[in-house]
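My notes follow in the order in which I looked things up.

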Amino acid sequence: MKRFIIRLPLLVTLALPAAAACAQAAADAGNDSLGLPNSLAALALFAISAVALGIHRWRRSRAAAPARRDPEHQATELALRESRRRYQEVVESVNEVIFRTDPGGRLTFLNHAWERISGYPVADSLGHELPEFLHPDDMGLARELLRQVARGERTECHCELRLRTHGGEIRWIEAAGRVVHDGEALGLAGTLDDISTRKVAELTLKNLNQELETRVRIRTAELEASNRELEAFSYSVSHDLRAPLRAIDGFAQILEEELADKLEPSSRAHLNRIRNATQRMSQLIDDLIGLASLTRQPLKRESVDLSELATQIIDELRAEEPQRQVEIRIVPRLQVQADRNLMRIVLENLLRNAWKFSAHEPHACIGLSAERDRERRIFCVSDNGAGFDMAFAANLFRPFHRLHSNSEFAGTGIGLATVQRIIQRHGGLIWAQARPREGARFYFTLDS
């Protein structure tokens with residue numbers, strides 16, 4: 001229509017000369033009395049015809065325009081409907097609830113995951129506030145969060161809430177929302193995720209941890225009581241049992257001295273056995289008390305040179321038996337982070353065992369070395385002495401268990417048990433490899 005209105009002056013301009021020509025023709029025909037009126041009539045008739053022709057052409061163009069634009073318009077509408085359908089499929093396919101609220105906190109949109117989680121129909125839930133569906137203890141928190149969002153104090157919120165389903169079941173949900181802006185705050189949009197399974201697992205684990213902590217406290221109290229009893233026992237052993245042993249040894253010595261000229265060889269041998277037994281028992285008591293004290297004394301880690309400690313121990317052994325010729329191979333500068341006093345006990349027990357069990361060898365050899373296995377160092381004390389059968393290796397580190405008789409090699413069976421306790425306190429391991437009459441190798445680490 002606008003195009004026609006724009007073209008109307010042009011049509012009138014074209015019509016005026018034609019109307020003037022008609023008027024001149026009528027004048028030439030002698031119609032003078034009708035000249036002016038006839039001219040005006042012709043002009044009006046031609047103008048009306050031109051207008052009618054323009055209206056007709058405009059209507060034809062209007063009728064043809066939709067036909068020309070219809071395919072493009074239909075394709076646009078079809079693409080729009082397809083986009084809406086796909087968007088709706090995506091929204092309905094997610095497991096989380098997608099929601100939208102108005103500025104008053106009332107729900108304006110929910111996908112169908114809401115029905116699966118809450119049991120409430122979507123149509124009946126719209127228009128209600130989200131806190132109405134929560135556990136009474138969580139309503140206050142939810143309303144406060146919504147108020148903070150409405151006041152602009154928060155732009156987003158994230159919390160865990162309890163949802164009351166239509167059937168009365170309590171489900172844990174994880175709510176995440178963000179303020180929707182379009183010039184001004186229009187409400188909240190976000191998701192609700194059902195985390196009931198995870199929450200039940202967390203609460204179960206929490207209860208198990210609390211139960212475990214309770215058991216640990218009880219067990220710790222029991223261990224402390226056991227340690228006190230052990231200390232009392234150690235005191236009793238070190239004082240009450242030592243006194244009769246000293247008495248037995250003392251009286252045996254008095255008899256031996258007073259009856260020196262009257263004792264027969266067999267009687268003297270009996271007295272010697274009594275004294276040796278009491279001294280061995282006294283040594284067992286000392287070793288037992290030492291073993292028990294290892295678990296109570298604090299562990300003081302410092303830089304320790306195992307090579308230096310081993311050299312000092314070997315010097316002491318050479319001084320005790322200067323007649324022995326033993327080849328010593330100690331790798332220098334074996335530095336570790338450990339308790340110096342405890343590591344001396346370890347090396348003294350292992351090196352003394354190597355010295356003792358290699359006593360029958362004409363060419364004895366004792367060594368201290370180290371090798372690296374991935375990220376840990378393995379130390380080794382070796383000898384070429386009597387060795388032992390690996391079938392009995394399980395008894396090596398048990399107190400009072402020995403693989404050799406006392407007539408072959410003297411001992412109490414406490415030394416290796418003490419060594420194992422110390423190594424374990426440092427977080428390490430100890431094990432052995434040996435063959436009868438081919439020596440033994442004791443390996444240990446000082447870390448896990």
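I began with a helix pair and noted that α9 passes α10 in a left-handed crossing, a term for the near helix being turned anticlockwise from the far one by less than a right angle. The model is predicted, so I kept in mind that local features need pLDDT of at least 70 and side-chain atom pairs pLDDT 80 or more, while totals for chains, interfaces and linings use all residues. Residues are numbered from 1 along each chain as its sequence is written, and side-chain values use heavy atoms, without hydrogens and water.

The axes of α9 and α10 come within 9 Å and cross at roughly 145 degrees, where axes are lines fitted to C-alpha atoms over the stretch in contact and angles run from 0 to 180 degrees between N-to-C directions. Helices here are DSSP runs of H or I with at least four residues, and strands are runs of E with at least two, numbered from the N terminus. Among the residues that meet, I listed Leu342, Ile345 and Leu350 in α9, and Leu416, Val419 and Ile422 in α10, contact meaning heavy atoms within 4.5 Å.

I then looked up the largest nonpolar core, which has 39 residues, with Leu306, Phe442 and Phe444 making the most contacts inside it. Such a core is a set of buried Ala, Val, Leu, Ile, Met, Phe, Trp, Tyr and Cys residues joined through side-chain atoms within 4.5 Å, and buried means under 20% relative accessible area, exposed over 50% and partly exposed in between, with a 1.4 Å probe and protein chains only. The largest share, 8 residues, comes from α9.

Lastly, I found Pro103 in the loop between β1 (97–101) and β2 (107–110), where Pro103 counts as exposed because its relative accessibility is 59%.
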